[in-house]
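Subject: Structure handover

Dear colleague,

Please find the structure below, followed by notes on what turned up in it.

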Amino acid sequence: MPKSAAPGAPGGVSKLDAALTADIASVARIDAVASILEVVCRTTGMGFAAVARVTEERWVACAVRDEIAFGLLPGGELSVKTTICDEIRASGKPVVIDHVEKDENFQAHHTPAIYGFQSYISMPIFLPGGSFFGTLCAIDPRPAKLNRPEIIGLFKNFAQLIAFHLHAQERAARQEAALLGERETAELREQFIAVLGHDLRNPLASIEAGARLLLRQNLDEKSVAILGQLQKSTSRMASLIGDMLDFARGRLGGGFALSRDPDCQLGPVLELVVDELRTAWPGRSIETAFSLSHPVDCDPARIAQLLSNLAGNALKHGTGTVKISAGAASGFFELAVENAGEPIPRHVRERLFQPFFRVAQQSGYEGLGLGLYIASEIARAHGGALTVESQGRQTRFMLRMPLDADAPAS
């Protein structure tokens, strides 16, 4: 080809701003573009085809197929005023030239003279919404029969396909940015919960200590009752704060941290939890069946917390005797809590272990809806699982986890 260099851009490449660089990258990510340019050249017989980003000031090649040594690479730039694409950007209409020397409109045009072509076709690329992106164009030093419906239709369809992919990328980028923003907001929210829960512990401890000191004084019956209620309230608040901190630590830290004891004898730990529950629920019957001769590699405080959550849930929402069993078999530790009462519907069971989930009829309950979620996370941190079965009038929660921390879960 007689003339190929880009005027004012040595080697056809100039410094691009971030927006143009991003546009070139967007076109490069469209796998179909290389095939589109190949089909354009094979169908028309032309030797050079490109997708160009065109603005009022710039003409930049985003993708190129060059079989005639035109000398332009992706990122290469032509002076926009030397191109017909500047006119296409202004008019929004395609330009098709079969033979420059015989074309009344372009035989004296400066662009063919500068770049030495005789055949030319350029189709505008409009993004959804109507904004102009650039052109799909082709040139050759020889004449070509381009002004045919099938060729014009081919270019139009390819231009629309490129626009579709560019819009899809932009939409995906916006969605990804929105998702990232939501994740950052969620993380900040959980950090706030963690800080709030931690800072609430100190004033709560002061209230609890003050109540204990006052109870040592010579008080009347009414004052003792008020202080007793105050102690119950502070205990309840401490439990809620503990749940908030566990939730925040689990979410921010990727799981619950454990202080494992490979030689833990869980029997006494579980008995202590049951004794505390019997004290808190003097009117309810709790039966136990523990068979734990083998040590369990676990965090005893976390297992105690899990049992307290499960049994407390059974006492609050179940009826009759609460049955608690624990044992070891075939390399696994199993802990079950069973109670009578109305069966839990399947759609509710599927969400029981989600954070902040509370059954509609229990909406008056004072908790945060974190107890069962925390119990399930404790099970997962131990390599085990927490499941629930509810049939007839019996509901049963079951923890199953390896006795040995190095054993595979199943």
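S376 sits in helix α10, residues 371-381 (helices are DSSP runs of H or I of at least four residues, strands runs of E of at least two, numbered from the N terminus). This is a predicted model, in which local features need pLDDT of at least 70 and side-chain atom pairs count only at pLDDT 80 or more, while totals for chains, interfaces and linings use all residues. Residues are numbered from 1 along each chain as its sequence is written, and side-chain values use heavy atoms, with hydrogens and water left out.

With a relative accessible area of 14%, S376 is buried (under 20%; exposed is over 50%, partly exposed in between, with a 1.4 Å probe and protein chains only). Not counting residues up to four places away in sequence, S376 touches F353 and L386 (contact meaning heavy atoms within 4.5 Å).

The whole structure holds 15 salt bridges (a side-chain nitrogen of Lys or Arg within 4 Å of a carboxyl oxygen of Asp or Glu). One of them joins E338 and R396 at 3.8 Å, N to O, linking strands β11 and β13 across 58 residues of chain; E338 is partly exposed at 23%, as is R396 at 29%.

Best regards
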